[in-house]
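Reader: Could you take me through how strands, helices and chain contacts are read from a model such as this one?

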Amino acid sequence: MRFLFKTSYLQDIRLVKHGGQAFWYGALVLALLAAPWLASEYWLAQLTFVLIYGVVGLGLMLLSGFTGLFSLGHAAFLGVGAYTEAVLAGAGWPFPASFAAAALVAAATGVVVGLPALRVRGIYLAIATLAFAFIVVEVFARWESVTGGNAGKQVQALRAFGWRADADVPFYFVCLAVAMLATLAILNLLRSPTGRAFVAIRDSEVSAQSLGIHLARTKTLSFAISAALAGLGGALYAHKLKFLSPDQFDILQSIDLLLMIVIGGIGSVHGAFLGAIFLITMPQAIAIAKDVLPPALGQAPGLQGTVYGLVLIGFVLFEPLGLYGRWLKLRTYLQIFPFYRRGMFRRQKSFLKSDRLR
Amino acid sequence: MTALLSVNDLSVRFGGVRAVDGVSFDVEQGEVFTLIGPNGAGKTTVFNLISRLYTPSAGRIVFAGAPLLDRAPHEIAGLGIARTFQNIELFENATVLQNLLIGRHTHRRTGLASELFFTAKARAAEVAAREAVERVIELLELQHHRDAVVASLPYGARKVVELARALCTEPKLILLDEPSSGLNVEESDDMAFWIDDMRRELGITVLMVEHDMTLVSKVSDRVLAMNHGQMLALGSPAEVQRHPGVVEAYLGEPA
């Protein structure tokens, strides 16, 4: 068990709180940097996907996990970023410029979608974003001169000022840099007034407003940042897949993204990446399981959907805080061994119970 | 003395119900002014009108010499009016410290860019906000709850946290909606003590809604009794308690 003796307010503000964290996050960064030499080509590609989905997940986590606005159409922002990147890269823009443009176009789309969000909330907002996503996919399919329609669109390799990242390893490093910078930016935001304003809106709009938070502006900002991150993820996604078609950004993709943050752990930055790991490795795990399972079960159609559904139900029922919540409990168990007791994380029903009468 | 808050002939109708009907009163700088009245008298509605959650059908509200009704709801805190809620409205899934830091929102000086990169300016602003918050924590003796998540706190502590959050905005006028409801005798005594402290040490004017007449008599300078949205009596706590209209509103007509 670690005891922190705080002697300065900066200790609470700093991102790395103690030596243990510095060690483990440092080790993680080193492992990620060394991954191209440690992992096979196949697993490196999977890791690249984890980073891409992690960036998109960060955006959705900011919107749903921290601002409390649920979006069932986040794949549309992913698509807007992907097509913007594909079109601009095709037009010969260098990567930094097209990448920034992808984020900006997605953010602008996010603002447009964010406007109805000022009037509706909860399930109605989810439905509004869902409807928006259908419109966007329809635009991808019909605007053939730009998007190539249902026939799809080839994406050129990532290029910037004479440098090309068409091989897997350079592209992996681009994704790693983007994921790390995006994480850092989100962490910075969350320890600043803007991030706290998001949390305030999630927990109580009326008191957020009475404390001077402009609800419309803050919600729109959350939508814009979230969509921008989805757009960045989309741009990387376009280069990774090298081929785009409208059906990649349909409702199933949106549900996958939401599933990712719920399973990862809603309301935690870790959750975005843990969810991405789950989302990417699950199909592989199911493919491996298919060989082991008896043919009647293993070859049954819809196995993947069933497993996803079961896992989601399991998390909602038993671990609403997702993989990150599970990890927190495991860590506490190890830290205070053997004093962990059941129900340590259970919320007390303390309403109307007074401090001194307990 | 000058009136800090002046409410003039204020009325609001919800459909056919006149929730507040022609209410006028002045709150002087530095006093504790209490609204009392039976349930449904319109006390909380007056609060919601002052914090601009509702728009009145008629009447004027003037705060520190400027009309309040021209302002948007989110601008009220910046003018120096903070409030608490009858059914505690804290940010449940955040820690006490985070709740109080959100209370510093009107004092933010950083923009989005400096926050994304967490520049030296953002860092300095965070430390300054923390120092301001720590002064409130010390005043209200919240040290041992500092890092607790609000959802895990008992009711009495939440009341204090909500008061602390309102104080973090550094208000000129604080609106307390039933500060002692749900508190035990001892906690209620503490509350009376803090209300007195706020006025004496911080120079904050207090407008509150309260049912506990012991607390009301202990801290209030003036009391306004309301019933069915209308004013019944205005005066010192003792005067208002003796007023026949007030007695009738609470106990019914004498047999």
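Author: Let us begin with pairing: two strands pair if DSSP finds at least two bridges between them, where strands (E, at least two residues) and helices (H or I, at least four) are DSSP runs numbered from the N terminus. This is a predicted model, in which local features need pLDDT of at least 70 and side-chain atom pairs count only at pLDDT 80 or more, while totals for chains, interfaces and linings use all residues. Residues are numbered from 1 along each chain as its sequence is written, and chains are lettered from A, with ligands numbered from 1, in the order in which they are written.

Reader: Which residue is the bridge partner of B:Phe63 in β5(B)?

Author: The partner is B:Ala66; two bridges join β4 (residues 58-63) of chain B to β5(B), and these strands run antiparallel.

Reader: In what order do the four strands of the open sheet in chain B lie?

Author: The order is β2-β1-β4-β5, with antiparallel pairing. Because β2 (17-28) and β5 (66-67) of chain B each have a single partner strand, they stand at the edges, and one side of each is left without a neighbour in the sheet.

Reader: How many residues does each chain bring to the contact between chains A and B?

Author: Residues are in contact if their C-beta atoms, placed from the backbone, lie within 7 Å. Chain A gives 36 residues and chain B gives 46; on the side of chain B, the largest share, five residues, comes from α5(B).

Note on methods. Contact = placed C-beta atoms within 7 Å.
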